[in-house]
Amino acid sequence: MNLGRRDFLQLMGIAGAASFFSPGAAQSAWGADADPYEISDYGNVTLLHMTDSHAQLLPVWWREPDTNIGIGPVLNQTPHLCGKWMLDYYGVATPASNEYAYSCLDYDTLAHKYGKIGGYAHIASLVKRYRAQRGDKVLMLDGGDSWQGSATSLWTKGADMVGAQNLLGVDDFVGHWEFTYGQDQVEHLIKTELKANFLAQNIFSNTWQELVFKPYHIHEVSGRKIAVIGQAFPFTPIANPRHFMPDWGFGIHTEHMQKMVTECREQHHVDLVVVLSHNGADVDKKMSSLVNGIDIILGGHTHDIMGPKPFMVNKTLIINTSTNGKILARFDLDVGKGKLNGWRFHYLPVFSNLIKEDAEMSAYIQKVRAPYKDKLAQPLAITESLLYRRDNFNGTFDQLICNALCEEMDCEASFSPGFRWGYCKLPGETITMEDVMGQTAITYPQVTVNTYTGEEIKNIMEQVADNIFNPNPYYQQGGDMIRVGNIQYDFDPDEKIYHRCSNMRVGGKSISPTKKYKVAGWAAMKPVEGKPIWEVFAHWLQSKKQVRVDKLDLPVLNKDMASNHGIAFPKSYDL
């Protein structure tokens, strides 16, 4: 909404927003008369949603992927759109701030203009602004993956993030990476520290097959009953080590979800059913086609941009709200008795250069970071390249990790997990120990060296590929393709398992199925001995002092992929 300067100043005075913007922010990149966060009043219920912050208390750089391939039923469908395809679909090519928020295009230039995104102190300012305007009509919902992804979250076992959630006023919360701290720590934080409702309709005890957590919570808002049903990441013991949660069983549990929706509708006579999900976008779409009675799914896990308009399956509105605190999603709803009469949706990029920090949250962040300040700031190397992780195949940050593994462990090849979390660094910036931890902070970080035959290397890669590119979303178990160092291959996402990877090479030479290769990796699914990856990576960076990525170990894609709208730069894949 664009206002005249006089109206804008009056608005700020009336709404108490004069202190909302950072000094000089509106005049710099945005224009003096612009208030991109002003929303006109509508309806009787407001849902605020964020997800997948991955413990980034401070603002970070975050580049959208240039490759997010959709196949089968999700071919060329949101969220599998990149670059200009994403901008065209949502009609947000201008102004340039939209290009920066929603795409990977011209990232370096636009990053310098618009600055970092997220930061809990900036998110808190935005949340408080909307609570001041909407009062008790607001519910704040967190879609999970909030306790993992930073050094301080690892060293405090998630406690620093629980404090931030409490200050933010989170009402309901679901989980995924949270469970990698172990059952005891998760239960301790939920029972003694977390103020929000921790919800999961799809986690059962292995012994008694009883629900471990509360499946839903019913809120009274504006005289209406709002049911929020929790859906934890269904494949946690597959994507992460099972030994962290040995007594709990996970799954999608579509039939039980239908039971919970029906129970809320028929026994509690709720007026609105919201699913707070960590399924991932494609799983949410399929689940909504099989479960009746869900009004809205607030999704997470896949870190996807699904805005500024929701996707609809049957009568269910579906969104996914990015990552790293980049987006705050807002639904304003007209909820009638037993039905949703109308809605308005707002997708709000959190530009940290524009929004002034909330003083209370800022003080808390400084306090919890203080004991680790010197260690976090330790300089390691300067990057001459843009470093990023998120992509279906190798990102530049992962390429550095793979290169470090090969050299430090004296191996022919290396693997690095296809984690989606892990923020960016711009060319010319110093990589610090905090940045290394921002790519590696997990509870199973040990580096291992294994001897694999060529056939075993192919099988590993084929298994991972099927988790990502299986045309049935219920068989997609998370993550991006395993990252490789000094391994080259051709790839066809449309093929079936064991037929996607071909023409495989190590160091440019064809892989022999029976030959043994020395391969370094990290994040083993079973307990192992070894140095943590951050020590290996940090030592390598210090030895280099300056690093750059001149060549990514990207696959050669099937030429049919040239028309896939999930690829922003086809030339990168020799198409």
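1. Contact here means heavy atoms within 4.5 Å, and by that rule Asn166 touches Glu193, Leu194, Lys195 and Ala196, not counting residues up to four places away in sequence. Asn166 lies in helix α8 (residues 159–168), where helices are DSSP runs of H or I with at least four residues, numbered from the N terminus. The C-alpha atoms of Asn166 and Lys195 are separated by 5.9 Å, although these residues stand 29 residues apart along the chain.

2. A word on the basis of these remarks: the model is predicted, so that local features need pLDDT of at least 70 and side-chain atom pairs count only at pLDDT 80 or more, while totals for chains, interfaces and linings use all residues. Residues are numbered from 1 along each chain as its sequence is written, and side-chain values use heavy atoms, with hydrogens and water left out.

3. Helix α6 (residues 120–134) packs with helix α13 (residues 359–369) at an angle of about 155°, their axes being 8 Å apart; the axes are lines fitted to C-alpha atoms over the stretch in contact, and angles run from 0 to 180 degrees between N-to-C directions. That angle makes α6 roughly antiparallel to α13, a term kept for angles over 145 degrees.

4. On the α6 side the contact is made by Tyr120, Ala121, Ala124 and Lys128, and on the α13 side by Glu360, Met361, Ser362 and Ile365. These residues divide into five nonpolar, one polar and two charged, where Ala, Val, Leu, Ile, Met, Phe, Trp, Tyr, Cys and Pro count as nonpolar, Asp, Glu, Lys and Arg as charged, and the others, Gly among them, as polar.

5. Two cavities of 30 Å³ or more are counted, a cavity being a set of points on a 1 Å grid over the protein atoms alone where a 1.4 Å probe fits but cannot get out, with lining residues having an atom within 4 Å of a point. A volume is the space filled by probe spheres set on the points.

6. The largest cavity has a volume of about 270 Å³, and of the 28 residues that line it, the closest to its centre are His80, Asp282, Thr302, Arg420 and Gln476. Helices α12 (281–290) and α17 (454–469) are the elements that give two or more residues to this lining, which by class has nine nonpolar, 14 polar and five charged residues.

7. The second largest cavity has a volume of about 70 Å³. Its lining comprises 14 residues, of which Glu64, Pro65, Leu81, Cys82 and Met86 are the closest to its centre, and by class the lining has seven nonpolar, four polar and three charged residues.

How values were computed
Angles under 35 degrees count as roughly parallel, over 145 as roughly antiparallel, 65 to 115 as roughly perpendicular and the rest as oblique. On a 1 Å grid over the protein atoms alone, a cavity is a set of points where a 1.4 Å probe fits but cannot get out, and a pocket is an open set with protein on both sides within 12 Å along at least five of seven lines; lining residues have an atom within 4 Å of a point.
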